[in-house]
Amino acid sequence: MASKNNHYVYRIVHKESLHFYIGLRTCKGTIEDDPYMGSGTVINNYYKKYGKDVFSKEILHTFATREEASTKESELVNVETLKDPLCLNLKTGGDSNYSTYIPILKERTGSKNPNFGNHKKPSKEIIE
């Protein structure tokens, strides 16, 4: 018998700097046991630089459907949220193909990204 899909919106926070990433996830099994920590470009660069152990994950909302979760993510990750210098998201939230990018975010990409050129290999613990 297949596991039921569970849908949620989460926030990942760097414990020291308070940089944050808000995401949407659909998983099988229990939400609390889901090890997923986001897949955004910037958040993954932060994991490579600092390791995942310096981040915390908070479940913000749970939903019966993906559509409801997507709607909530689009409310939480809007243009104003993206302007927050602590925000690690690069685009507005939700599953829409009409995500909004804003010019200030170019400062978080390429050579302007604080992790640009970081070729440090993750430790065995991070990989596991």
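I began with the rule for a nonpolar core: a set of buried Ala, Val, Leu, Ile, Met, Phe, Trp, Tyr and Cys residues joined through side-chain atoms within 4.5 Å. Buried means under 20% relative accessible area, exposed over 50%, and partly exposed in between, with a 1.4 Å probe and protein chains only.

A note on the source: this is a predicted model, where local features need pLDDT of at least 70 and side-chain atom pairs count only at pLDDT 80 or more, while totals for chains, interfaces and linings use all residues. Residues are numbered from 1 along each chain as its sequence is written, and side-chain values use heavy atoms, with hydrogens and water left out.

**Entry 1, the cores.** I asked which residues touch the most other members of the largest nonpolar core. In this core of 13 residues they are I12, Y21, I43, Y47, F55 and L88. Two or more residues come from each of β1, β2 and α1 (41-50), and α1 gives the most, with 4 residues. I took helices (H or I, at least four residues) and strands (E, at least two) as DSSP runs, numbered from the N terminus.

Next I listed the contacts of I12, with contact meaning heavy atoms within 4.5 Å. Setting aside neighbours within four places in sequence, I12 meets H19, F20, Y21, M37, I43, Y47, F55, S56 and K57. Another core, of 9 residues, lies apart from the largest one, and includes V9, V13, V77 and C87. As background, nonpolar side chains in soluble globular proteins tend to be buried together.

How do strands β1 and β2 pair, parallel or antiparallel? Strand β1 (residues 5-14) and strand β2 (residues 20-28) run antiparallel, over 9 bridges; two strands pair if DSSP finds at least two bridges between them. The two form a hairpin with 5 residues between them, and L18 in the turn shows a positive phi of about 70°. Y10 sits opposite G23 in β2.

T81 belongs to helix α3 (residues 79-83). I count T81 as buried because its relative accessibility is 14%. Beyond residues up to four places away in sequence, T81 touches F20, L76 and C87. C87 is buried too, because its relative accessible area is 1%, and C27 is buried at 5%. I then looked for disulfides (pairs of cysteine sulfur atoms within 2.5 Å), and the count was 0.

How many does the whole structure hold? The search finds 5, a salt bridge being a side-chain nitrogen of Lys or Arg within 4 Å of a carboxyl oxygen of Asp or Glu.

- R11 and E58 meet at 3.0 Å, N to O. This pair links distant parts of the chain, with R11 in strand β1 and E58 in strand β3 (residues 55-63), 47 residues apart. R11 is partly exposed at 26%, as is E58 at 37%.
- R66 pairs with D95, with the closest N and O atoms 2.9 Å apart. R66 is in helix α2 (residues 66-76) and D95 in the loop between α3 and α4 (124-127), 29 residues apart. R66 is partly exposed at 31%, and so is D95 at 41%.
- E80 pairs with K83 at 3.3 Å between the closest N and O atoms. Both lie in helix α3, 3 residues apart, about one turn of the helix. E80 is exposed at 55%, whereas K83 is partly exposed at 43%.
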